[in-house]
Amino acid sequence: MAKVDVIIPAYNAASFLAAALESVMAQTFTDWQIVLVDDGSTDHTGQIVSHYKERLGDKLQGITQVNAGLPAARNVAIRQSSSDFIALLDADDLWLPHRLEASLQLFQGRPDVGLSYGLIDQIDPDGEVTRTFERRKRYAEGKIAGEIYKRTMDLPCPTVTFRRRSVEDAGFFDESLRATEDRDLWLRIAQLYEVAMVPQVIAHYRVSPKAMTTNPDRMFEAQRKFIEKHYRSPGCGFWARRVALSGIYRQRAEALAGRGQPVAAMKDGWKAALLYPAQMVNWRTAVSLSSRLLVSRFHRS
C-alpha cells in the first residue's frame, strides 16, 4: 500500500487531541505521517502538539497559524502534505485500529476510485457510544454524486480518504463555506471519480452540544447555500434540488420541534412534504408535527 498523510485541523482541541493522536498511533497500517494545523488555538493545544512531536519525530508535522477556520486549516495541511493518499481526522474524533488499512485496500487496482469512506459510531463528549450507523444504503458506492447532493448518502468526515490527484482535479475545500464544506468537496470529487465504501464502523464521531448543528437556522442556511451552489451541475438537476431542499426543511422542522417552536416546525414539515411528496417520511413528519401542535393547543384551551 502507498503512504498516507493524516490531516488533523485543531482549534482549542486540548480536551480531545491526545486521544485522536493515540488512535492514529494505534493503526494496523503504519506508513503514515500526521500533518496537524493548530488553527490559532488559545488553550494548551500547542503543548500537546509539542509533546507528541517529541514522541513521533518526523511522523508528525506541526503547523501553527492565525485562526482561519476549518476549511482553510484543512487546505493548508493538504498543501503541506506529500503522499498520494490523504485521510481526514478531526481533533475530537477517533479512529478504530483498522481504519487506514480497510480504507486504503479499496483503492488497490481501482484507479477510477477517487474517494473512500466508511461507517461510524456517534459518541458523546465522554466517549460513550450514543448511536451506531451500520446500515448499508442502496446507493453507497460508485457514481453517487447525485446521492451526495440530495444527502441520501452521508460520507462521515473521519472515515474519508482520497487520492491527492482527486482533490487536485476537483479543487480544495471551499473556504467561503463554514458548514457543509466537507460535503461540497465530496460532491465535486464524486462528479469526477467513483466512491468506494468500507461496510463497517471504522471511526467514532464525537457530537458536542455546542456544535453548529444545534443551531437549526445557521445549519439550514449553510445547507441551502450548498444546494444552490451546485444546482444544474452534473447529478444536481431540478428534482434532485427539490429532494435536497425537502431534506433540509425536514431536518430544521425536527430541530425546531425539539427547541419548543411547534408552529415554525409544522410549517417547515409541510414545506418538506410539498417539495418532495413521494417520500413518505416527509408526510409522516408533517402530520406528526401538526398533530402535536393541535394536541398541545387543545390541552391549553
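Close-up 1. Trp270 is partly exposed, with 30% relative accessible area. The coordinates shown come from a predicted model. Trp283 is also partly exposed, at a relative accessible area of 27%. The structure holds 7 aromatic pairs. One of them joins Trp270 and Trp283. Their geometry is edge-to-face, with 75 degrees between the planes. The ring centres are 5.7 Å apart. Trp270 belongs to helix H10 (residues 262-275), and Trp283 to helix H11 (residues 280-300). The pair therefore ties together parts that are 13 residues apart in sequence.

**Close-up 2. An aromatic cluster with an arginine over one ring.** Phe162, Phe173 and Trp186 form a cluster linked by ring pairs. Arg74 lies over the face of one member, Phe173. The distance from Arg74 to that ring centre is 5.2 Å.

**Close-up 3. A lysine over a tryptophan ring.** Here the charged end of Lys59 sits over the ring of Trp32. The separation from the ring centre is 4.1 Å.

**Close-up 4. Arg151, a loop residue with positive phi.** Arg151 is not a glycine, yet its phi is positive, at about 60 degrees. The residue lies in the loop that runs between helix H5 (145-150) and strand E8 (161-163).

**Close-up 5. Arg232, in the loop between H8 and H9.** Arg232 also has a positive phi, near 80 degrees, and is a residue other than glycine. Its loop lies between helix H8 (216-230) and helix H9 (238-258). With 69% relative accessibility, Arg232 counts as exposed.

**Close-up 6. The contact of H8 with H9.** The axes of H8 and H9 come within 10 Å. They cross at roughly 175 degrees. The two helices are therefore roughly antiparallel to each other, because angles over 145 degrees fall in that class. By class, the contact has 10 nonpolar, 2 polar and 5 charged residues. On the H8 side, the contact residues include Met219, Phe220 and Ile227. Pro216, Asp217, Gln223, Arg224 and Glu228 also take part from H8. From H9, the residues they meet include Leu245, Ile248, Tyr249 and Leu256. Ala244, Ala255, Gln251, Arg241 and Arg252 are also among the H9 residues in the contact.

Notes:
Residues are numbered from 1 along each chain as its sequence is written. This is a predicted model: local features need pLDDT of at least 70, side-chain atom pairs count only at pLDDT 80 or more; totals for chains, interfaces and linings use all residues. Side-chain values use heavy atoms; hydrogens and water are left out. Rings of Phe, Tyr and Trp (its six-membered ring) pair if their centres lie within 6.5 Å; planes under 30 degrees apart count as stacked, over 60 as edge-to-face and the rest as tilted. Helices (H or I, at least four residues) and strands (E, at least two) are DSSP runs, numbered from the N terminus. Buried means under 20% relative accessible area, exposed over 50%, partly exposed in between (1.4 Å probe, protein chains only). A charge sits over a ring if NZ of Lys or CZ of Arg is within 6 Å of the ring centre and within 35 degrees of the ring normal. Axes are lines fitted to C-alpha atoms, for helices over the stretch in contact, and angles run from 0 to 180 degrees between N-to-C directions. Angles under 35 degrees count as roughly parallel, over 145 as roughly antiparallel, 65 to 115 as roughly perpendicular and the rest as oblique. Contact means heavy atoms within 4.5 Å. Ala, Val, Leu, Ile, Met, Phe, Trp, Tyr, Cys and Pro count as nonpolar, Asp, Glu, Lys and Arg as charged, and the others, Gly among them, as polar.
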